[in-house]
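Here is a short briefing for a first look at this model. Keep the sequence and the 3D view open as you read.

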Amino acid sequence: MKPKRLVLFFKGLCWALGVSQLGRVIGGLYFQAEYLGANPLAKGMNLLGWWSLFFLTLTLVWTPLSQLTGQTWWKQLQRLTGLFSFAFAVPHMTMYAYFDQELNWSYIFPDLLDRKFILLGLSAFSILLVLAITSTKNWQRKLGANWKKLHRLTYIAAVLGILHFTYRIKVGLQHPEVKAFAIVIAVLLLVRCLPWLKGSISPSSKA
Ligand code: HEM
């Protein structure tokens, strides 16, 4: 298949997955569906957070995959999956502010200081917001070479996201899903840093 068609095919898959899951959670909350269990707000919110982290992790896969296969078209999926991560994070964060804290800053501020994982979530969200805003062609042109540097923050957002997940769960890294996300993100981070690490320890780099 031609790269153009492959991109279309995989973009279609991402759209199908993202829209169906977003619709499932939001529709489930609206219609009080049984699959959201006895506490639909908590379950819905957790699902939105989970999918946001899933799409963020997926966004980190495309660069190593294109290097591994020599097929650069994989990178064309980065923007879409990154925006899906943001699309799940927005209702996730809004539900926290609206349902948990009644949109009241005098509740939200102390909670940010009290519960480390909330601050970590907010930090990850702030990065996703900046990346989503600057993801357009227009911003890419405006920022030039700095655009790539800025969008490397995706890695930091993923690390903050997994820390947020780890601190939210009492057993932390012992939880199988937390562990799986942490391992995948750590491997992707390592793969990305490998050329830089090799360069900094190779004898020629000391010369
Ligand atoms: C201002 C931003 C954020 C706030 C205030 C926030 C808040 C929360 C809260 C309160 C929970 C626990 C919900 C419950 O137990 O009922 C939660 C869970 C979670 N959040 Fe966030 N979050 C934020 C951003 C993010 C972002 C950006 C991500 C992903 C990159 C994320 C991923 C998760 C995950 C994976 C869970 C646990 C899901 C599970 O238990 O299956 N959150 N968040």
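At 1.5 Å a residue, the 30 residues of α2 should span 44 Å, and the end C-alpha atoms of α2 are 42 Å apart, which agrees. The expected span is 1.5 Å times one less than the number of residues in the helix. This is a predicted model: local features need pLDDT of at least 70, side-chain atom pairs count only at pLDDT 80 or more, and totals for chains, interfaces and linings use all residues. Residues are numbered from 1 along each chain as its sequence is written.

**Overall fold**

- The protein chain has 10 helices and zero strands. Helices (H or I, at least four residues) and strands (E, at least two) are DSSP runs, numbered from the N terminus.
- The C-alpha atoms fill a box of roughly 60 × 45 × 40 Å, taken along the principal axes.
- Of the 207 residues in the protein chain, 22% are buried. Buried means that 20 or more other C-beta atoms lie within 10 Å of the residue's own; exposed means 12 or fewer, and partly exposed is in between, with C-beta atoms placed from the backbone.
- Among contacts with a separation of 6 or more, 61% join residues 24 or more positions apart. A contact needs C-beta atoms, placed from the backbone, within 7 Å.

**Helix α2**

- A kink of about 25° lies at Trp62, shortly before the proline Pro64. The bend is the angle between axes fitted to the seven residues ending at a residue and the seven starting there.
- Gly70 follows α2, and its phi is positive, near 75°.

**Around the ligand**

- The ligand is surrounded by 22 residues, and the closest are Ala42, Asn46, Gly49, Gly121 and Gly161. A residue is near a molecule if its C-beta atom, placed from the backbone, lies within 6 Å of it.
- Two or more shell residues come from each of α2 (40-69), α3 (78-100), α5 (116-133) and α8 (153-168).
- α2 gives the largest share of the shell, eight residues.

**Nonpolar core**

- The largest nonpolar core has 33 residues; Leu48, Phe88, Ala89, Ala124, Leu128, Ala157 and Ile162 touch the most other members. Such a core is a set of buried Ala, Val, Leu, Ile, Met, Phe, Trp, Tyr and Cys residues joined through C-beta atoms within 7 Å.
- The largest share of this core, nine residues, comes from α2.
- Ile162 touches Leu53, Phe181, Ala182 and Ile185, not counting residues up to four places away in sequence.

**Val191**

- Val191 sits in helix α9.
- Val191 counts as partly exposed because it has 16 C-beta neighbours inside 10 Å.

Technical notes: Two residues are in contact if their C-beta atoms, placed from the backbone, lie within 7 Å.
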